[in-house]
Amino acid sequence: MKTLRTVDELRAGLNGPRRAGRSIGLVPTMGALHEGHLSLIRRARTSCDEVVVSLFVNPAQFDEAGDLAAYPRDEARDEALAAEAGADVLFAPSPAEVYPRGFATTVVVDEVSAALEGEHRGAAHFAGVATVVTKLLNMAQPDVVFFGQKDAQQVAVIRRLVRDLDIPVRIEVGDTIREADGLALSSRNVRLRADERRRALALRRGLDAVRACHAAGERDATILAAIGRAAMAELDVEPEYLELVLPDSFTPVASVGEQPVLVAVAARVGDVRLIDNDILNGSGQ
Ligand code: AMP
């Protein structure tokens, strides 16, 4: 595996494979790699000839300076893990390479960015995500790009972005990878203290309670959300939001019919902000 730092190096490195007709897969990450990231890299390995993993802690998508400063970074470890999972290239640019002096363009995806994460983290969050993903897609020009279902609204934003801007890439979404007790893997989990790690299970408990209540026949979204909140309260966690929305538009639903409905939750446990989701009437977990 090669580690490349500049856009020129990346383009030069991918020129040969592209000309030879080899398919290119891109797995964007912010590093601190865990099994969630590695599952996406392995999936890319099985479906693409050339696998690029990007490692860039994107300052533009952080709404809290403290969260950016505390974000775990260990490039040597990430390099080893990415190589082991089958990456051919680790693209690890500096902030100045991605945002050179004079950088003045922002990609804003309306509507789907507005609710939930957009509302709670601020509009700059998804603008930061959309801008950096657009840049990464232009830098690597992959045939396939891989994202995790854990960040469901990010997936919806990027699907819209790719469609609206006619970006020639296929999007593949990998299932959420969890700890044995159900906590969704996240780079931020390492910042949970022991008691917080126990309370962090509240997100999964809330989602499970909604799923069970739906399975028992409840269809009213307000009631289902209240059941989820109550299950979280048992672990002394109050969500920033727990809402039932349409998976593509992220608009709220009043009741659950036959169509897939996404149950999305975010909560702060101690200093750490966590998110998770489940899909009713679909391939949720
Ligand atoms: P991040 O480094 O947090 O920006 O995540 C990089 C990619 O890994 C994104 O597409 C995430 O959705 C995905 N990802 C993060 N956590 C998980 C997880 N627990 N399971 C599956 N994918 C994940």
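Contact here means heavy atoms within 4.5 Å.

I note that this is a predicted model, in which local features need pLDDT of at least 70 and side-chain atom pairs count only at pLDDT 80 or more, while totals for chains, interfaces and linings use all residues. Residues are numbered from 1 along each chain as its sequence is written, and side-chain values use heavy atoms, with hydrogens and water left out.

I then read the strand order, which is 1-4-3-2-5-6 in an open sheet with parallel pairing; two strands pair if DSSP finds at least two bridges between them. Strand 1 (2–4) and strand 6 (170–174) are at the edges with a single partner strand each, so one side of each has no neighbour in the sheet. The twist averages 25° from one strand to the next. Two bridges join strand 2 to strand 5, and glycine 25 has valine 144 in strand 5 as its bridge partner.

**The antiparallel sheet**

I found three strands in an open sheet, ordered 7-8-9 and paired antiparallel. Strand 8 (residues 261–269) is joined to strand 9 by nine bridges, and leucine 262 stands opposite isoleucine 279 in strand 9. Helix 10 (residues 202–215) packs on this sheet, touching strand 7, strand 8 and strand 9, and makes about 20° with the direction of strand 9.

**The ligand**

I listed the shell around the ligand: of 17 residues, Met30, His37, Asp151, Ile177 and Leu185 come nearest, a residue being near if one of its heavy atoms lies within 4 Å. Helix 2 gives the most to the shell, with three residues. I checked backbone atoms next: a polar one of methionine 30 is 2.9 Å from a ligand oxygen, and a backbone N or O atom of isoleucine 177 is 2.8 Å from a ligand nitrogen. Taken alone the ligand exposes 480 Å², of which the protein buries 93% (Shrake-Rupley method, 1.4 Å probe).

Methods. A polar contact is a pair of N or O atoms within 3.5 Å; within protein, one must be able to donate a hydrogen and the other to accept it, and residues adjacent in sequence count only if both atoms are side-chain atoms. Helices (H or I, at least four residues) and strands (E, at least two) are DSSP runs, numbered from the N terminus. Axes are lines fitted to C-alpha atoms, for helices over the stretch in contact, and angles run from 0 to 180 degrees between N-to-C directions.
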